[in-house]
Amino acid sequence: MTSDWPGVQLHVVTGKGGTGKSTVAASLALALADEGRDVLLCEVEGRQGIARMFDVDPLPYEERRLATGLAREGGRAGTVHALHVDPEAALLEYLAMYYRLGRAGRALDRFGVVEFATTIAPGVRDVLLTGKVYEAVERNSRNKGAIRYDAVVLDAPPTGRIVQFLNVSNELAGLAKVGPIRSQADTMMTLFRSPRTAVHLVTVLEEMPVQETTDGIAELRAVDLPVGGVVVNLVRPQELGADQLASADADTVARDLTTAGVGLSPGLVEGLVRTGHEAAERRALEDRQRRLVAALDVPTYELPRLTQGGDLAALYELAALLRTQGMA
Amino acid sequence: MSAAPRHLDVDALLDDRGVGIVVCCGSGGVGKTTTSAALALRAAERGRKVVVLTIDPARRLAQSMGIEALDNTPRPVSGADRAAGGHLDAMMLDMKRTFDEVVESQASPDKARQILENPFYVALSSSFAGTQEYMAMEKLGQIRRDAERDGTYDLIVVDTPPSRSALDFLDAPERLSSFLDGRFIKLMLAPARGPARLVTAGLGLVTGALTKVLGAQVLRDLQTFVTAIDTVFGGFRQRAMATYALLQDSRTAFLVVAAPEPDALREAAYFVDRLSEDRMPLAGLVVNRAAERPDGDLSAEAAYAAAERLRERPESGTDEGTESTDAAVTAGLLRLYADQERLVERETRLRGRFTAAHPGVSTVVVPALPSDVHDLDGLRRVGGLLAR
């Protein structure tokens, strides 16, 4: 199966809180890292989620080799590096790289400018974070010896903030109409708006996340940011349809249990029937949401709710599923 | 295996006239908004005079509560039952408007206009990470002052913003204060007042660097902004500290909301620790969306095995053509049952870990509902489950 996103170098993964966007980003990075390809997985929200998922020590502001990617059958794996982007470190690096500020850079730090810029100054924080991601994709010639990645996966802020986060030019528009930081932002936007970027949205089959996904896609399109795929995460098993689940009746269940040699303990038959009816209600709701997702008219991928999940093996399992569905 | 946590008695909390503020906090996507709304409705229908301050409710839920307009004013929720003598108002937070109102209340009209029009203010008031958190607390303080004066409400339920980190809203007042006291602001305010030549030399370096990076225009705008807003700083700081003290008051009760997932429970644990560090009164933990143990004493393994046997059963001996389909339904139900058992085991383990580390925290576990909540009946149902 070939990838749906062959020319994409920057995969931005967003999603509503609780939908598992970090897990999807990590799985996508593993799935992309094959045939010797190098992938960088970035996080920008200071949560150290990558370190937790991969069970390593908290990440510094430095590209670290994290894991071996998921090899294809008979093929060889690539590598996944990780980077925890910290805005203060990014600012100092940026100043050093572009302005050779040296002593002045340290003076900025001493006078609280760095703190101001990274915690308070509106928009600047986002520009610094996205700026580092941009550098990881394009690689500045001044960054000697840096790895050139075949793909960068960004575990991005949630859907509600993603447009603001990526639309850095606009964020600065009111503040810096001209000047060097403005032209930096414009250069970044050229990459983010190009076909080399795809913004993927993670959702679950519930009303609010699907609504946010729909809104998010419209907002991304309104500012010409390239919408990638929708990953429907935490999908429940679907071997039975809503009608079948609702059709469950006590007599049939009791008969089948007896056939299967299961003793009819008190409450078991009723419990199973109720399980069926509740699952039917949920399925009907999920099917409605699935139709809404289908109507979005973008490639969609589904990942199951793993009952044992949470460890590294699960990430590889999800990576394999993303790959068979063509996301990587 | 750790002992079960103490049970959180939600009705006792809502009925306690000594509790005037309930703050629901936790990471995003755990059902905080629904929990806040359900608690507020239940309290109102048990006789409290309640206002619920929400941040970003689902559209249909907001509509059912009559607050689809984001106008920063509490509106009565007409469907709430007033038989017990209570009532419910609801409002959605307009962050920018709240900020504007604070500026207007602190500065002269001229000065206020100057601030409101400055591009840095516009960006700060609409996009600064932390503004929403700070404004939620600011609005809480306002409503509380008004309510004490007019006797409008005796309970305020607050939903907190879906922050990057659940701690953001606790840090926001402090962060704003430290920003206002920051070296950079002082630098911008008094460029000519350097205490020593060394500082002045450093200052030239800094201004030069800033001009190089930002451009002169940006620096001028920034300076204007800082100078203009300086007059209202004292007011801000005082308010931030008053709100912080209000949160520490024994009449406030924090509820940490979580889902039975590793990340959400980890955030909840951080939050519980942080609340106790800051001496904030924690009432308990709400674990939403929990899997419920299905009835019957079949183990997950036995259920999977029985499902397998049904599936492999030869179709011979059936008179009706539908029988095999029926068995497929039962087999499917058995697998659902088994999955559910597994999920319950996993969640119990996760909650057990939390309890082991935080044995003193009273907890209520709310089962997952099969469908979304978007009307008052749904909220009542959730309220009932919270108070089980």
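Reply: A search of the whole structure finds 42 salt bridges over all chains, a salt bridge being a side-chain nitrogen of Lys or Arg within 4 Å of a carboxyl oxygen of Asp or Glu. One pair crosses between chains, linking B:Asp295, in the loop between strand S7 (282-290) and H13 of chain B, to A:Arg274 in helix H13 (residues 268-294) of chain A. The two side chains meet at 2.4 Å, N to O. This is a predicted model, in which local features need pLDDT of at least 70 and side-chain atom pairs count only at pLDDT 80 or more, while totals for chains, interfaces and linings use all residues. Residues are numbered from 1 along each chain as its sequence is written, chains are lettered from A and ligands numbered from 1 in the order in which they are written, and side-chain values use heavy atoms, with hydrogens and water left out.

Across the interface of chain B and chain A there are 3 salt bridges, and 5 residue pairs, both at pLDDT 80 or more, are in polar contact (a pair of N or O atoms within 3.5 Å; within protein, one must be able to donate a hydrogen and the other to accept it, and residues adjacent in sequence count only if both atoms are side-chain atoms). On the side of chain B that touches chain A, the elements giving two or more residues include helix H3 (59-65), helix H11 (216-248), helix H12 (262-277) and helix H14 (323-357) of chain B; helices (H or I, at least four residues) and strands (E, at least two) are DSSP runs, numbered from the N terminus. H14(B) supplies the largest share, 16 residues. That side divides into 36 nonpolar, 12 polar and 22 charged residues, where Ala, Val, Leu, Ile, Met, Phe, Trp, Tyr, Cys and Pro count as nonpolar, Asp, Glu, Lys and Arg as charged, and the others, Gly among them, as polar. In total, 70 residues from chain B and 71 residues from chain A take part in the contact, meaning heavy atoms within 4.5 Å. The chains bury about 6100 Å² between them, 63% of it on carbon and sulfur atoms; buried area is the accessible area (1.4 Å probe) that two parts lose on being put together, summed over both.

Strand S7 (residues 227-235) of chain A runs parallel to S8(A), joined by 4 bridges, and A:Val235 stands opposite A:Pro304 in S8(A).

Definitions and conventions. Two strands pair if DSSP finds at least two bridges between them.
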